[in-house]
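Have the structure open and follow along.

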Amino acid sequence: MTDAVTYPAGRPSWIDLMTPTPAQTHAFYAALFGWTYEVRPDYGGYAMAHQQGRTAAGIMPMEPGAPMPSAWTVYFDSADIAADAERVQELGGQVMMPPMSVGDQGQMAVFSDPTGAVFGLWQAGKHTGAQATDGEGSLAWVQVNTPDSARASAFYQALFHADSVQLPDMDYRQLRHGEQGYAGVSGMLTEGVPAHWIAYFYAADVDAAVQRAVQNGGTLQGEVLETPFGRMALLADPAGASFWVMNPRPSAQA
């Protein structure tokens with residue numbers, strides 16, 4: 001596989017899902033976003049989701065009896081994953097899965113930030129990240145929800161050499177490289193909910209996407225929201241993994 005899209009270090013480049021019900025999960029996202037799949041038995045049944053022939057995301061079967069819930073993991077591009085793993089620890093994060101090679105596709109590692117949110121790093125080989133950067137089911141935004149946005153923001157700023165911009169009248173910061181925002185840091189976390197990263201997928205018609213999700217076993221969490229950043233809704237797939245669908249306003253990001 002040769003990818004046409006490359007990502008600068010520190011930018012979200014890939015996203016994948018661990019699920020206990022891969023067949024049902026494949027069907028759900030196919031109905032929701034029109035994804036098709038290339039399942040790789042040589043990589044433990046890892047499925048590459050495609051949107052109109054372009055890679056969009058990955059879906060991985062979860063080991064039976066695994067203690068963690070089904071969840072999406074956001075991966076940020078790394079130019080030197082071994083050095084970044086050391087920096088994560090120096091900055092107060094923890095290594096959950098040390099850097100490992102994934103065949104000739106690249107290297108991956110999984111960490112938690114100082115507030116407990118889990119994220120991954122990806123150093124590209126043949127697989128450079130998601131090719132689908134627009135259209136239904138493409139990754140539109142990523143956000144960490146944390147009880148300590150200042151601490152989390154400082155961590156990611158240092159790790160990704162990013163700037164942070166505080167939004168007016170909100171406990172919300174944007175991580176930026178120059179004028180381009182690429183991730184959010186939100187302190188508006190419901191009490192009792194652990195810190196976590198969450199993905200926003202593009203939907204041309206959010207209300208129709210919600211209807212498709214519910215009809216195929218998903219759940220609407222809360223209400224469909226009309227915000228200054230666009231129309232959006234928080235959903236859970238049939239295995240309980242949460243994500244947003246979003247139709248962003250032009251030049252607006254969550």
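Here is a short tour of some loop positions, with a word on how to read them.

You're looking at a predicted model, where local features need pLDDT of at least 70, side-chain atom pairs count only at pLDDT 80 or more, and totals for chains, interfaces and linings use all residues. Residues are numbered from 1 along each chain as its sequence is written, and side-chain values use heavy atoms, with hydrogens and water left out.

Start at glutamine 52, which sits in the loop between β3 (46–51) and β4 (54–61). Strands here are DSSP runs of E with at least two residues, helices are runs of H or I with at least four, and both are numbered from the N terminus. Most residues other than glycine have a negative phi. Glutamine 52, though, has a positive phi, near 50°. Is this residue buried or exposed? Glutamine 52 is exposed, at 75% relative accessible area. (Buried means under 20%, exposed over 50%, and partly exposed in between, using a 1.4 Å probe and protein chains only.)

Next, hop to histidine 161, in the loop between α3 (149–160) and β10 (163–166). Its phi is positive too, near 55°, and histidine 161 is exposed, with a relative accessible area of 64%.

Aspartate 148 is partly exposed, at 34% relative accessibility. Its side chain reaches the backbone nitrogen of arginine 151 at 3.0 Å. Now look across to alanine 208: from aspartate 148 it is 60 residues away in sequence and 35 Å away in space, C-alpha to C-alpha.

Notes. Polar contact = N/O pair within 3.5 Å; in protein donor to acceptor, adjacent residues only side chain to side chain.
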